[in-house]
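Please keep the sequence and the structure in view while reading.

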Amino acid sequence: MNNKELVLYALEKNRGKFISGEYLAGLAGISRMAVCKIISNLKTQGHRISAQNGKGYIMDLKSDVLSEKGITSNLKPDTKIKRVVCLDEVNSTNTYAKKIALDENAPHGTLITANKQTAGKGRRGHSFESPPGTGLYMTLILRPNFDNTGKFQMITIAAAVAVCFAVEDLTGLKPKIKWVNDVYLGDKKICGILTEAVSNFENGEIESVVTGIGVNISTKKFDDAQNAGSIFESAGNKKIKPFGRDELAAKIADYLIDFADDLENPNLIKAYRHRSFLLGQKIKYIRGDVEYHAKAISIDDSGGLVVIDDDCNKEILRSGEVFLIRPEN
C-alpha cells in the first residue's frame, strides 16, 4: 500500500475513533505535514474526516465513500477474499467480472464493487436501477468445485442468506427472502441477486460463477419498480446505527464465500427456509403462456420450491419467478 492507502486503511479500520497524526505519520513513514496533505486530499474525495487538537483525526461513522481500502479494512481477519476491485462507474459489475474471470483468470474470491452502474442487470432480462452513492452494487467471482450443475442455484441461495446475515449484523433488522433471489424488508424489495455461469467454450464446463448483488441502502426514488425500497426507508421509525457501504460489502462477501465453499452445510438451507416469507402462502407462477396457482409448502434440500395445487398435485419449481397472491380486502 502507498502512503495514502495506509492512512485511509487506518482511518477506516478505526472509524468513529480518533487516531493521532503522530501515529499515522509513523505508520506511513512520512511527516505530520504529509499526513495533513493526505487527509485534505481524502476529504476532497468525499471522505468525512475531521481533526481535533490533542486527539488527531477521526473518520465519521456516516462517511460513505466506497473504496478498496475501506472494504479490505472491514473483511474478517481470516477472510477468503483474495482481491478487491472498486470502480466509480461500470456498465454492470457482473459483465466486468465475467470479463476478468476469462481474460485475467481472476481468482476465486475476487470482489468487484461499483459506486454506479449504467446498465445494472436483473434476472430474466430485467434492469436493476443503480444510482450513485445510495446503493451497493457488487459481484463476487467464485470458482466452486461443482460435481453437478444442480448446485448452481445454491450459490444464489447462499447469496440471499449472506445479504440477510449482513443486514441483520449491521442493523438488527430482519430481512426476508422471496424465492429464489429477492430480499425484502417488510413489503419492499431491497436487494436483487443475479448468478451467472462463465463456461469453457471448448468443453462447455462451468469454470467460474459470478454472483451479482444489488442492495438499495438509502435510495428514495425508483423509476419503475413499485415494490422497491431501501434499508433506511424500510426501517420506519427504528433507529439504525450508520454504516458504510464498505462494511456491508465486506460482510456480504465474507459470508457468501464461506457458504460457497460449503454448499452442503445443512445450516445454509435451514437459514434460507427460516427467512422465506412464501412458505404457507398462496402463489402464482407462469409457465409458457399459462398461469398456475398453488400453495408454497416447502423448500427442498437443493433449493427447489415445493408447491401444491388445489387438486393436491405436488410440484417442485427449479427456476422461474413466483408472485405472492395477496388476499382481497
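Two strands are said to pair if DSSP finds at least two bridges between them, and helices (H or I, at least four residues) and strands (E, at least two) are DSSP runs, numbered from the N terminus. This is a predicted model, in which local features need pLDDT of at least 70 and side-chain atom pairs count only at pLDDT 80 or more, whereas totals for chains, interfaces and linings use all residues. Residues are numbered from 1 along each chain as its sequence is written, and side-chain values use heavy atoms, with hydrogens and water left out.

Seven strands form an open sheet of mixed pairing in the order 3-4-5-9-8-7-6. Its edges are strand 3 (83–90) and strand 6 (176–178), each of which pairs on one side only. From one strand to the next the twist averages 20°, where axes are lines fitted to C-alpha atoms (for helices over the stretch in contact) and angles run from 0 to 180 degrees between N-to-C directions.

| Strands | Bridges | Opposite residues |
|---|---|---|
| strand 4 (residues 110–117) and strand 5 | five | Ala114 and Tyr137 |
| strand 8 (residues 188–199) and strand 9 | nine | Leu194 and Gly212 |

Strand 9 (residues 206–216) is mostly covered, with nine of its 11 residues buried; buried means under 20% relative accessible area, exposed over 50% and partly exposed in between, with a 1.4 Å probe and protein chains only.

A nonpolar core is a set of buried Ala, Val, Leu, Ile, Met, Phe, Trp, Tyr and Cys residues joined through side-chain atoms within 4.5 Å. The largest such core has 65 residues, and Ile213, Ile231, Leu248, Ile252, Tyr272 and Leu305 have the most contacts inside it. Helix 6 (residues 152–171) supplies the largest share of this core, 14 residues. A second, separate core of 14 residues includes Val7, Leu8, Ile19 and Ile49.

Beyond its neighbours within four places in sequence, Ile213 is in contact (heavy atoms within 4.5 Å) with residues including Leu136, Tyr137, Met138, Ala159, Val163, Ile252 and Leu256.

Helix 8 (residues 245–260) has end C-alpha atoms 22 Å apart, which agrees with the 22 Å that its 16 residues should span at 1.5 Å a residue, the expected span being 1.5 Å times one less than the number of residues. This helix 8 is also mostly covered, since 13 of its 16 residues are buried.
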